[in-house]
Amino acid sequence: MYLHGTSKINDKGHLEIGGCDAVELAQQFGTPLYVMDEALIRQRCREYMEAFRKSGLKFQVAYASKAFCVKAMCRLADEEGLSLDVVSDGELYTALEAGFPAERIHFHGNNKTPEEINFALDAEIGCFVVDNFVEMQMLNALAGEKSKKVNVLLRITPGVEAHTHEFISTGQQDSKFGFDLNNGTAMKAIEEATSLPNLVLLGIHSHIGSQIFEVEGFQMAAEKVAAFANDVRDQLEVTFRVINLGGGFGIRYAEGDKPLPTETYVEAITGAIKQNFADRDYPIPEIWVEPGRSIVGEAGTTL
């Protein structure tokens with residue numbers, strides 16, 4: 001039997017999670033009951049934070065709240081020093097109700113509504129990840145109506161197909177997400193974003209898929225975004241301050257799944273960023289990532 005985190009079989013022969021007897025939990029709260037192992041979640045958060053601290057780079061680790069979004073989880077992420085990635089007004093509302101600092105919230109999604117954007121503008125969140133030209137123009141207009149300037153990352157599709165299932169691979173050239181790097185759309189998006197008066201372009205975002213069990217895809221993505229950053233600097237005289245390489249770090253679902261240690265992923269990403277930007281004599285940008293399921297996926301048990 002595979003037991004993860006703090007799970008163990010106690011003296012009564014019962015499953016125990018975080019020091020709590022699962023039978024007693026079921027009797028007290030009824031079933032079905034979702035139980036989250038807080039100690040394991042905090043351990044995962046700290047693994048990411050410590051691995052990035054070792055790199056010496058500026059960074060943000062943003063918990064992808066779509067993996068598990070309740071107020072207690074938002075508070076835990078804040079306590080562990082993480083930022084927060086939201087993809088809906090519901091997730092944003094939950095985060096704000098939990099007291100999560102708005103300046104460390106990033107708003108994702110490829111179909112944001114005007115209502116969601118206005119809600120996020122009023123909350124004064126830290127960054128929008130812009131996915132398409134319609135959103136870009138709408139965000140600029142709505143920010144202008146409120147006399148605000150907002151930080152943005154532009155999501156690009158780098159043309160990297162990670163070794164994952166086709167339904168959860170999002171970095172390939174025909175992805176529905178973001179601006180295509182290979183047909184000139186991404187360069188056009190940078191040019192347009194820098195011309196809009198209410199947007200402050202921090203850099204770019206890419207995400208190559210989910211349930212990734214190797215580092216080569218992240219290394220290739222780092223190489224492609226560094227080359228693109230260099231082209232943007234040469235052609236538009238724009239220098240990126242932030243590179244976000246997304247998430248997608250694999251977890252164990254089945255016996256054959258062999259996820260890499262957190263540190264291995266982080267060392268590959270930071271090493272590739274350092275090398276590829278240094279090779280181009282480019283200032284090393286701040287690195288952001290967005291782990292979600294790799295923080296909470298193995299911490300949940302259904303009784």
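I began with the term itself: a salt bridge is a side-chain nitrogen of Lys or Arg within 4 Å of a carboxyl oxygen of Asp or Glu. The model I consulted is a predicted one.

**Entry: E124 and K148.** I looked up this pair and found that E124 forms a salt bridge with K148, with 3.0 Å between the closest N and O atoms. The pair links distant parts of the chain, 24 residues apart: E124 is in the loop between α5 and β8, and K148 is in the loop between α6 and β9. I noted that E124 has a relative accessible area of 53%; because exposed means over 50%, E124 is exposed.

**Entry: the whole structure.** My search of the whole structure returned 13 salt bridges.

**Entry: R42 and E79.** One of them joins the side chains of R42 and E79, at 2.7 Å from N to O. R42 lies in helix α2 and E79 in helix α3, so this pair ties together parts that are 37 residues apart in sequence. I then checked accessibility: R42 counts as buried at 16%, whereas E79 counts as exposed at 56%.

**Entry: E47 and R44.** The side chains of E47 and R44 also meet in a salt bridge, at 3.4 Å from N to O. Both residues lie in helix α2, three residues apart, which is about one turn of the helix. I recorded E47 as partly exposed, at 28% relative accessibility, and R44 as buried, at 19%.

**Entry: shared partners.** Which residues do salt bridges with shared partners join into one network? I listed E38, R42, R46, E79 and E80.

Conventions:
Residues are numbered from 1 along each chain as its sequence is written. This is a predicted model: local features need pLDDT of at least 70, side-chain atom pairs count only at pLDDT 80 or more; totals for chains, interfaces and linings use all residues. Side-chain values use heavy atoms; hydrogens and water are left out. Helices (H or I, at least four residues) and strands (E, at least two) are DSSP runs, numbered from the N terminus. Buried means under 20% relative accessible area, exposed over 50%, partly exposed in between (1.4 Å probe, protein chains only).
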